[in-house]
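Biologist: Can you put the model up? I'd like to go through its pockets and then the overall fold.

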Amino acid sequence: MLIAADKFKGSLTAVQVAERVTAGLRRVAPQVEVESLPVADGGDGTVAAAVAAGFERREVRVAGPLGDEVTAAYALRGDTAVVEMAEASGLQRLPAGVFAPLTSSTYGSGELLRAALDAGARSIVFGVGGSATTDGGAGMLSALGARFLDAEGEPVAPGGGSLSDVVTADLSGLDARISSASVDFVLASDVDNPLTGPKGAPAVYGPQKGANPDDVATLDAALGHFAAVLEKAIGSKAAEYAAAPGAGAAGGIGYGALVLGARFRPGIEVMLDVLGFAAALERATLVITGEGSLDEQTLHGKAPAGVAAAARAAGKEVVAVCGRLRLRPEALGKAGIRRAYPLTEVEPDIAKCIEDAGPILEKVAENIGRDFLS
């Protein structure tokens, strides 16, 4: 039995999901062999999943999205690092109820990347998602040595709103290690949006970060201007990167990563490789995956869909646990999931499911045990 589930956001970490499912299964079948491999798709929780798989947790002090210093972590094993931008620049780093869509910066994410390089990383998985920022990765690039100057030759203020003031992009001081042939730099994300436009970072994700319609328009224009200025510095590739899948990930930090030479891959695919999922899958007879909400978004690059696709290719049966289920059985079947077990089958009150997710999940796991282990 292999448990390869993502977090139940706001209730349980991926590690806790695995622990609770294991406890429930063993109430029904005490001798069942269970292997846990918490997973993530590149968003928040990615470092925790890597640490659970045997990576070392490294902590550094970096700038948060508002410029205040925070303690952020990345994961390291050998010369492979897993860096999660949300650790430094995520919504989780903002005070409760506070948003700063125009001024929040990814500077701390660049500091995290630099720390990984300083630790000897030669393969970097850069998981992006859950950002508080919409600055096109300008802050990250600045932390790595780039300079973005206004008409007076002064550095522009942090945040996406100030990018309309950029006149000169000086990339001559960029840390040469990040884009060298000796470092494999992978942008891992579950979204493939371009940088700007109707499907771009400001329009699609800006409202989640507190941007009103005027802010969205301001940010979209500023990011478009930023890409145009970068085109003067690095040529036509700047426009190609802006239109490329993943450029709009995490407020456009995907764009900054592409400028640095990163190659884009779906986050769950990258993480399954890094976590050693293939070997664990070989040992499994049944795979249990899941996340807080199984819905249409799940089918577009989220962790359970990636786990199910890999398991189906290996001829393994998959079931899923979730807080709530918003997919019909036929959609689950097409995704490679035989059946889903939502917490709401045990407790219809969603508020109680969120508050008591752990004990309820154990009861759900007992049902899986009765169905598949009895």
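**Pockets and fold**

Modeller: The largest pocket has a volume of about 1000 Å³. A pocket here is an open set of points on a 1 Å grid over the protein atoms alone, where a 1.4 Å probe fits, with protein on both sides within 12 Å along at least five of seven lines. Volume is the space filled by probe spheres set on the points, which are joined across faces, edges and corners.

Biologist: Which residues lie nearest the centre of the largest pocket?

Modeller: Asp41, Asp190, Val191, Gln297 and Lys302, out of 36 lining residues. Lining means an atom within 4 Å of a point. Helix 9 (249–259), strand 10 (263–266) and strand 11 (286–294) each give two or more residues. Helices (H or I, at least four residues) and strands (E, at least two) are DSSP runs, numbered from the N terminus.

Biologist: Where did the model come from, and what counts?

Modeller: It is predicted: local features need pLDDT of at least 70, side-chain atom pairs pLDDT 80 or more, while totals for chains, interfaces and linings use all residues. Residues are numbered from 1 along each chain as its sequence is written, and side-chain values use heavy atoms, without hydrogens or water.

Biologist: How much space lies in the second largest pocket?

Modeller: About 310 Å³. Its lining has 21 residues, with Lys7, Thr13, Asp44, Gly45 and Ala48 closest to the centre. Helix 2 gives the largest share of that lining, 3 residues.

Biologist: Switching topic, how many helices and strands?

Modeller: The chain has 15 helices and 13 strands. The C-alpha atoms fill a box of roughly 75 × 45 × 35 Å along the principal axes.
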